[in-house]
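Here is a short report for a reader meeting this structure for the first time. Please look over the sequence and the model before reading on.

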Amino acid sequence: MICSFFTLRKIQIQMKSKLKKPVAVVGYSGHSYVIIDILLNAGKIVTAYCDSEEKDKNPYNLSYLGKENEVLERLKIFDYFIGVGHNGIRRKIQTQLAEHLGKPINAIHPSAVISASAEINHGIMISANATINPLVKLGQGVICNTSCSIDHECQIEDFVHIAPGAVLCGNVKIGAGTFVGANAVIKQGITIGKNVTIGAGTVVIRDIPDNMMVVGNPQRILHKEQLRKLVA
Ligand SMILES: CC(C)(COP(=O)(O)OP(=O)(O)OC[C@H]1O[C@@H](n2cnc3c(N)ncnc32)[C@H](O)[C@@H]1OP(=O)(O)O)[C@@H](O)C(=O)NCCC(=O)NCCS
């Protein structure tokens, strides 16, 4: 029997999708909707979710598995991804699950531009139109949200969230657990500590120590106490 190129390609795609593990997302709300969309655009099959309770809103018709730490056996047949935007909670869940299930997958939108020399870890979300330039290093569980731009040689530690539209000029270093707000701009060569919160639209022109919250242009420091309520 002679198969056309298109028939062969169709068979190849069908065989490939049969071999794929389905994906379960942990957390099912606004942030994870974006992740599910990225995974679907990247050709993954997302079929289930875990959360503290079954959600009334189920826009992707996913099956509810239960609370993640109570369904570890069921989760073994899935690839998984933590769909939680909060850095501290994402870190906690990812660390617990990785002990039992191994590393989570990455969620990378096909429109993201990622340099071949960038080093990316696991459990990373890279959204639509994000740019990751040469020699960037991304730790585990990092979120590079929609249209953010991370320039050459930036080093981003574990469980950092770079919100939509944020711009990191070259050689910026960001400590673990830090949140960079939407449309913030960080000047080249700046070092930012761990668990820092940078407000939306902030322009960062000086280094920031650990556990600070900064806002404005140029940056000004808000109280440390305000940070605790966000990262507790
Ligand atoms: C910085 C931030 C976390 C502070 O939140 P908060 O603790 O609830 O702070 P408040 O709203 O009580 O504001 C405290 C003060 O900071 C100012 N402020 C808050 N956010 C600011 C911002 N982004 N830029 C400039 N000033 C800001 C407020 O005007 C207020 O000033 P005042 O004391 O002189 O009146 C929050 O405003 C923010 O910017 N979040 C980021 C949002 C974002 O990027 N989301 C993307 C999600 S993917």
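The sections below cover the model, its strands, its cores and its ligand.

## About the model

This is a predicted model, in which local features need pLDDT of at least 70, side-chain atom pairs count only at pLDDT 80 or more, and totals for chains, interfaces and linings use all residues. Residues are numbered from 1 along each chain as its sequence is written, and side-chain values use heavy atoms, with hydrogens and water left out.

Helices (H or I, at least four residues) and strands (E, at least two) are DSSP runs, numbered from the N terminus. Strand β1 spans residues 23-26 and is covered on both faces. Val-23 and Val-25 lie on one side, Ala-24 and Val-26 on the other, and all are buried. Buried means under 20% relative accessible area, with a 1.4 Å probe and protein chains only.

Two strands pair if DSSP finds at least two bridges between them. Strand β1 runs parallel to β4 (residues 79-82), joined by four bridges. Here Val-26 stands opposite Ile-82. Four bridges also join β1 to β2 (residues 46-50), again in parallel. There Val-23 faces Val-46.

Helix α2 (residues 30-41) forms a right-handed β-α-β unit with β1 and β2. Right-handed means that, with the strands pointing away from the viewer, the path from the first strand over the helix to the second runs clockwise.

## The six-stranded sheet

An open sheet has six strands in the order β6-β9-β12-β15-β18-β21, with parallel pairing. Its edge strands are β6 (113-114) and β21 (203-204), each pairing on one side only.

Within this order, β12 (residues 149-150) and β15 (residues 167-168) are joined by two bridges. Ser-149 has Val-167 as its bridge partner.

## Nonpolar cores

A nonpolar core is a set of buried Ala, Val, Leu, Ile, Met, Phe, Trp, Tyr and Cys residues joined through side-chain atoms within 4.5 Å. The largest has 31 residues. Leu-138, Ile-150, Leu-168, Ile-174, Ile-186 and Ile-198 touch the most other members. Another core, of 16 residues, lies apart from it and includes Tyr-28, Tyr-33, Leu-39 and Tyr-49.

## The ligand

A backbone N or O atom of Ala-182 lies 2.8 Å from a ligand oxygen atom. A polar backbone atom of Ala-200 is 2.9 Å from a ligand nitrogen atom.

Methods: Buried < 20%, exposed > 50% of the residue type's maximum accessible area, 1.4 Å probe, protein only. Polar contact = N/O pair within 3.5 Å; in protein donor to acceptor, adjacent residues only side chain to side chain.
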